[in-house]
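Subject: Structure handover

Hello,

Here is the structure you asked to take over. Please open it beside this message while you read.

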Amino acid sequence: MVLPELDWVDKVRDQAHRVRQRAARVCAANNGGYFAQACGSAEILSTLYSQLMDLGASTGPLVPDHFRGVPRPGEPALIGDIYNGDRDRFYLSPAHYALGLYATLVEVGRLDSCVLDDVNADGSTMELIGAEHSPGFETTSGSLAQALSVAVGQALARKRFGRPGRIWALISDGEIEEGQTWEAFQAASNFGLDNLTVMLDANGLQVDGWVKDVMKIEPIPEKVRAFGWNVSEVDGHDPLAIAEAASSFVEGQPSLVVCRTNPINSVPSLEGRHQLHYIRFRTGEVEAIKNDLGVLEESHK
Ligand SMILES: Cc1ncc(C[n+]2csc(CCOP(=O)(O)OP(=O)(O)O)c2C)c(N)n1
Ligand SMILES: [Mg+2]
């Protein structure tokens, strides 16, 4: 893949900054949320959506319909992939990263900014933890480590049917602790799925604290390479490095880009905080974040 002019890098950086601001506004309004995930993955998602993925036009409404219940006779399934078009496919595996995805969809014009006010509202498809009906989601993946297996199956099907297009997945380092992830790595390599690129948000964090204090998962690149993958490791806040690594192609091998990220990137006021997985703001923290990221008052409406 030939990378075009570098001015896209600045655009992606600006976009990632606005994703953080949007996430901060939503979390401030709810006195908390999955803020660190949006901050850490902002450049990965922005680079994917603005530069890497070959998505078709969205056929989803800019303001999503209300959730009409689970699929049943007369009520077909509503799948959030309509926001990603019909060419490449994208799987967001850690579904609690939904806010970052919604904010990115706003930035690339696939959602109206007003819908961020509906995140986690009753009756909305904008679930706090995304499900298959949530904008941008292909499948429900709140039970961690499952979506990568679905992505592998999708990539295998495309190969078998000789269909073009790339399958992309974003996974988390907490998911590296799960056996299913390693089965998926093994199967993707076994089937030579060079049409699959997985971005790993290695933010060092999981639900009980820092990953290093819970489970030794490193060295991830060496381990996955030993499984027969084409592996790169980059600064996950550097759009150019992300794009170059994700463009590396080895015939017959699936690709993994290990993106080293800081879950409180651009938000130094959260430095030293013990609990980052789900942030419930303390007195004064919203003000401090406002200083870190710039004005947050602007309404989404
Ligand atoms: C199969 C499964 N086990 C446990 C959980 C509970 N859980 C929710 S989020 C999470 C943390 C996973 O780590 P990571 O995705 O890296 O989290 P973050 O970096 O966002 O803190 C866990 C264990 C789950 N959702 N699914
Ligand atoms: Mg993590």
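Below are the notes on strands, a helix and a ligand.

This is a predicted model, in which local features need pLDDT of at least 70 and side-chain atom pairs count only at pLDDT 80 or more, while totals for chains, interfaces and linings use all residues. Residues are numbered from 1 along each chain as its sequence is written, and chains are lettered from A and ligands numbered from 1 in the order in which they are written.

Strands

Helices (H or I, at least four residues) and strands (E, at least two) are DSSP runs, numbered from the N terminus. A residue is called buried if 20 or more other C-beta atoms, placed from the backbone, lie within 10 Å of its own C-beta, exposed if 12 or fewer do, and partly exposed in between. Two strands pair if DSSP finds at least two bridges between them.

Strand S4 covers residues 196-202, and seven of its seven residues are buried. Leu196, Val198, Leu200 and Ala202 point one way from S4, while Thr197, Met199 and Asp201 point the other way.

S4 runs parallel to strand S3 (residues 167-172), with six bridges joining them. In this pairing, Trp168 has Thr197 of S4 as its bridge partner. From S3 the chain passes through helix H5 (residues 179-190) to S4 in a right-handed β-α-β crossover. Right-handed here says that, with the strands pointing away from the viewer, the path from the first strand over the helix to the second runs clockwise.

S4 is also joined to S8 by six bridges, again in parallel. Thr197 is partnered with Ser255 of S8, and Val198 with Leu256.

S8 (residues 255-260) is largely enclosed by the rest of the structure, because five of its six residues are buried. Strand S7 (residues 230-235) runs parallel to S8, through six bridges.

Helix H4

The buried residues of H4 (residues 147-160) include Ala147, Leu148 and Ala151. After H4 comes Gly162, whose phi is positive, near 65°.

Ligand 1

Ligand 1 is surrounded by 16 residues, the closest being Leu144, Ser172, Gly174, Gln206 and Val207; a residue counts as near if its C-beta atom, placed from the backbone, lies within 6 Å.

Regards

How values were computed
Expected span 1.5 Å × (residues − 1).
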